[in-house]
Amino acid sequence: MQQFDSLNYFTNSYNLRIFQIAEERKAGKKIVGTFCLFVPDEIIFAAGADRVILCGGKNDTVSIAEQYLPRNICPLVKSSFGSIVNNGCSGVKSCSHFGMIDMIVAENTCDSKKKMYELLGDYVPTYVIDLPQRPDSPEALNYFLGELDKFKGSMEKLTGNKITFEQLKKEIESLNETRKLLHRLYELRKMDPTPITGVDVLKVLQKQYFLSADEFKKSLHMLIGEVKQVKAEGDHKTRIMVSGCPMAGGNTKVPEIIENKGGVIVAEESCTGTRSFWDLVDEDKDPMLALAERYIKIPCSCMSPNNRRIDNILELAREFKVDGVVYYTLQFCHGYNIEKYMVQQALKNEGIPMLAIETDYSDSDVEQIGLRVDAFMEMLS
Amino acid sequence: MISVGIDSGSATTKAVLVKDCRLITHIILPTAFDFLLAAEKTYKSVLSNAGIAETDVNSVYATGYGRNSIKFADRTISEITAHAMGVYHLYPDVNGIIDIGGQDSKVISVNGGKVTDFLMNDKCAAGTGKFLEYTARALEVPIEELGSLALVSKEPASITSMCTVFAESEAISLRARGFKKEDIAAGLIESVSRRVAVMARQAGLKQNVAFVGGVAKNAGIKAALEKELGVSLYVPPEPQITGALGATLINYKLK
């Protein structure tokens, strides 16, 4: 598969971004840390603040978290928490951005995260947006809109800036552009053979909430320009869609195994995938209402019922002409682990094979996963 | 056409020699530390068993956990596909396979030798040969005798720990409470078969199910699984070699 020069920007951007955040802070800009797609960047940016994602994808800080948290909760929560509370005593280093935030903007999604936020409040000021979890009830939208209004107020208080109608409009348009760019990139992946690997795309998506919106867009433009040049030549490769839990920065374990075993990932139904950009914000409506409507529809497994996710998976499987689905979950992520059954049934009805992989951040099961993926590839060929 | 299939498992290495799709001979040796060394030894033994020179072998196929260590293999294949091919060769009408090996157990749903779905146990020893090997120690019973011992039990003890180490201490505490050896043995065996039966039902295995792998030699497990699933299981005369056999049939076209 072709190497793209512009990808270097995404993969080597860490130090530059840290430098940028440090400069911003010096200039008095507030930096918030987020964990989740449900927090609208538009409101943060409209208040003149910047944001950086705090989801941990590294195994090293998990053991630090286990001094505080139970062992049997998901590795994403443990890795993130460990990175934030890390005081260096154990000889493990956290990535620098975990120490550069003025406020955490959290959201009530899964139980582990909710409870982690309660503890995090002792380390960093933490604001929690509540989330109605029956998204299709008529009351839910109003309630969520109220929560976003309160959040807007808290951002104004943090930054001392008033969030105006015009600024919100501008940020909505700007982030819609990002979403459209990602759609263009995904459109190119529909080619057979697909022009770019899933591991490459994942590394891009992992930077979506790390880089500033402008930098991300600029790099995405360059990447699309390069990918567009690739001609669909060569043999069909087994097309895989990954569906399930997010893969936070530092975690590329399963996609690497899939692509080393001869498959190619053409779509990810994940927070580090389509869930982050699939729907646009309606630019013709009142900005706050449009934001509430768009964000409440994110098909996260904390929602109930979550049929929207099943429909979306089937739609993606057809659109991207996938040969099989790898259902990826993190250990102890109850929402996505339980939804596995419904997804499996829905895919079975469509005649699409599925392989379920439940794992953590350690490398202990690389061989076992490799065997399952090998057998799955043999089954699909 | 002479081909050799080697199944490099965690506990044992199996080799078969096949001539024109017919099984000539097989050999099973302990794997010990070095996968490659065990594979070489098994390869040489199977050749001398068959009285065939290495130069007469057309191809060598490898499968099993250590398959990628076997440098002299011409091709490798996952043990899931290999078992499906091997079992299909023996029982063409089979729809499902249960394989319990040293460190994992798998259930495979098949149609005409082709894998349509499969499940493997999670990454621990529950539901594997290791579980039995380990817990048999707590009963001071050689692993080969655990199955026949369990068959005489009238009231199997209930073993609820999924963790192998905890199940061992559970067995010891049952011993201390005066439970009969055969009842504890039966409890351990039921625990493994319950675990595997859950996977079998998940994969939709209903009839024409084969039982392979080292643990299939254990009559107690076979009986417990049959009871649990309500089917009678096909067990090949040598259930440990279906993977190696299947590996030699890689290039065999399925209808």
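## Conventions

Two strands are taken to pair if DSSP finds at least two bridges between them, and helices (H or I, at least four residues) and strands (E, at least two) are DSSP runs numbered from the N terminus. This is a predicted model, in which local features need pLDDT of at least 70 and side-chain atom pairs count only at pLDDT 80 or more, while totals for chains, interfaces and linings use all residues. Residues are numbered from 1 along each chain as its sequence is written, and chains are lettered from A and ligands numbered from 1 in the order in which they are written.

## Chain A as a whole

Chain A contains 15 helices and eight strands. Its radius of gyration, taken over C-alpha atoms, is 20 Å, close to the 21 Å that the globule rule (2.2 Å times the number of residues to the power 0.38) gives for 381 residues, so chain A is as compact as a globular protein of that length. Along the principal axes, the C-alpha atoms of chain A fill a box of roughly 60 × 50 × 45 Å.

Of the 381 residues in chain A, 49% are buried, that is, 20 or more other C-beta atoms, placed from the backbone, lie within 10 Å of their own. Among the contacts in chain A with a separation of 6 or more, 75% are between residues 24 or more positions apart, a contact being two residues whose C-beta atoms, placed from the backbone, lie within 7 Å.

## Where the chains meet

Eight residues from chain A and eight residues from chain B form the contact. On the side of chain A that touches chain B, three residues are nonpolar, one is polar and four are charged; here Ala, Val, Leu, Ile, Met, Phe, Trp, Tyr, Cys and Pro count as nonpolar, Asp, Glu, Lys and Arg as charged, and the others, Gly among them, as polar.

## The five-stranded sheet of chain B

Chain B has an open sheet of five strands in the order 3-2-1-4-5, with mixed pairing. Strand 3 (22–30) and strand 5 (75–76) of chain B are the edge strands, each pairing on one side only. Strand 1 (residues 2–8) and strand 4 (residues 59–63) of chain B run parallel and are joined by five bridges, and Ser3(B) stands opposite Ser59(B) in strand 4 of chain B.

## A helix pair in chain B

Helix 4 (residues 143–151) and helix 7 (residues 219–229) of chain B pack with their axes 6 Å apart, at an angle of about 50°, where axes are lines fitted to C-alpha atoms over the stretch in contact and angles run from 0 to 180 degrees between N-to-C directions. The residues of this contact divide into six nonpolar, three polar and no charged.

Key:
A residue is buried if 20 or more other C-beta atoms lie within 10 Å of its own, exposed if 12 or fewer, and partly exposed in between; C-beta atoms are placed from the backbone.
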